[in-house]
Amino acid sequence: MMSQNKTTVQKYMDAFQESDHKMILSCLTEDVIWEMPGVYQHHGKEEFDKEIENENFTGKPKITVFRMTEENDIVIAEGNVVGKFKNGDVLDADFCDVFEMENGLIKKLVSYLMQKK
């Protein structure tokens with residue numbers, strides 16, 4: 001059985017793959033922070049919601065989680081994401097997402113993304 005925190009992260013990943021805004025937002029605290037170091041930092045559900053379907057992409061991403069590790073209220077998810085840019089290029093990147101949890105919800109997400117060559 002998965003912990004409550006891992007279950008929330010899995011629900012978030014599944015919802016993201018379906019671009020299910022309502023389900024994604026239900027996994028977040030009101031004051032959530034989403035950061036991709038050197039790229040952006042979003043504060044609150046409204047800013048987070050705007051990034052779910054980034055204007056540079058088309059269709060739904062394919063997300064594969066290879067491993068989830070949890071200690072205290074931190075869940076780390078490692079995996080791969082494949083998506084299509086509107087210009088026809090393909091994003092094929094490995095990620096490491098660090099989720100800071102609070103009462104079973106995502107309070108902060110730091111996403112590290114490395115494009116494959």
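The model is predicted: local features need pLDDT of at least 70, side-chain atom pairs count only at pLDDT 80 or more, and totals for chains, interfaces and linings use all residues. Residues are numbered from 1 along each chain as its sequence is written, and side-chain values use heavy atoms, with hydrogens and water left out.

The protein comes to three helices and six strands. Helices (H or I, at least four residues) and strands (E, at least two) are DSSP runs, numbered from the N terminus. Their order from the N terminus is α-α-β-β-α-β-β-β-β.

Of the 117 residues, 36% count as buried, meaning under 20% relative accessible area (1.4 Å probe, protein chains only). The largest nonpolar core has 27 residues. Such a core is a set of buried Ala, Val, Leu, Ile, Met, Phe, Trp, Tyr and Cys residues joined through side-chain atoms within 4.5 Å. Val9, Tyr12, Met13, Phe48, Phe99 and Ile106 touch the most other members. Elements giving two or more residues to this core include H1 (4-17), H3 (44-52) and S5 (90-102). Beyond its neighbours within four places in sequence, Met13 is in contact with Ile63, Val65, Ala77, Phe95, Asp97 and Phe99. Contact means heavy atoms within 4.5 Å. Of the contacts in the protein with a separation of 6 or more, 48% join residues 24 or more positions apart.

Terms used: Buried means under 20% relative accessible area, exposed over 50%, partly exposed in between (1.4 Å probe, protein chains only).
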